[in-house]
Amino acid sequence: MNEVTKLYNQMLVNLEKGIDDLEKFTLDGNKSAGTRVRKNMQDIKNLAQQVRVEVQEMKNAVAA
């Protein structure tokens with residue numbers, strides 16, 4: 001499994017992990033759960049950026 005696949009899978013795991021907190025926030029108004037949702041989304045954003053960088057590096061290596 002290459003690095004891009006690992007990062008992508010980690011994004012999926014984080015999304016699945018955050019569903020419970022999202023429900024607690026939206027249904028119950030739990031503000032702490034909202035904070036956890038925001039942190040989780042920031043982590044996903046960082047992983048997505050790493051995926052973008054890895055893919056770009058792979059594209060550049062093939063073109064060179």
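Biologist: How many helices and strands are in the protein chain?

Modeller: This is a predicted model, where local features need pLDDT of at least 70, side-chain atom pairs count only at pLDDT 80 or more, and totals for chains, interfaces and linings use all residues. Residues are numbered from 1 along each chain as its sequence is written, and side-chain values use heavy atoms, leaving out hydrogens and water. Helices (H or I, at least four residues) and strands (E, at least two) are DSSP runs, numbered from the N terminus. The protein chain has two helices and zero strands.

Biologist: What is the radius of gyration of the protein chain?

Modeller: This value is taken over C-alpha atoms, and the globule rule is 2.2 Å times the number of residues to the power 0.38. For 64 residues the rule gives 11 Å, and the chain is well over that, so it is more spread out than a compact globule; its radius of gyration is 15 Å.

Biologist: What box do the C-alpha atoms fill?

Modeller: Let's take it along the principal axes. The box is then roughly 55 × 20 × 10 Å.

Biologist: Is Leu12 buried, partly exposed or exposed?

Modeller: Buried means under 20% relative accessible area, exposed over 50%, and partly exposed in between (1.4 Å probe, protein chains only). Leu12 lies in helix α1. Its relative accessible area is 40%, so Leu12 is partly exposed.

Biologist: What percentage of the 64 residues is buried?

Modeller: The cut-off for buried is again under 20% relative accessible area. Across the 64 residues of the protein chain, the buried share is 20%.
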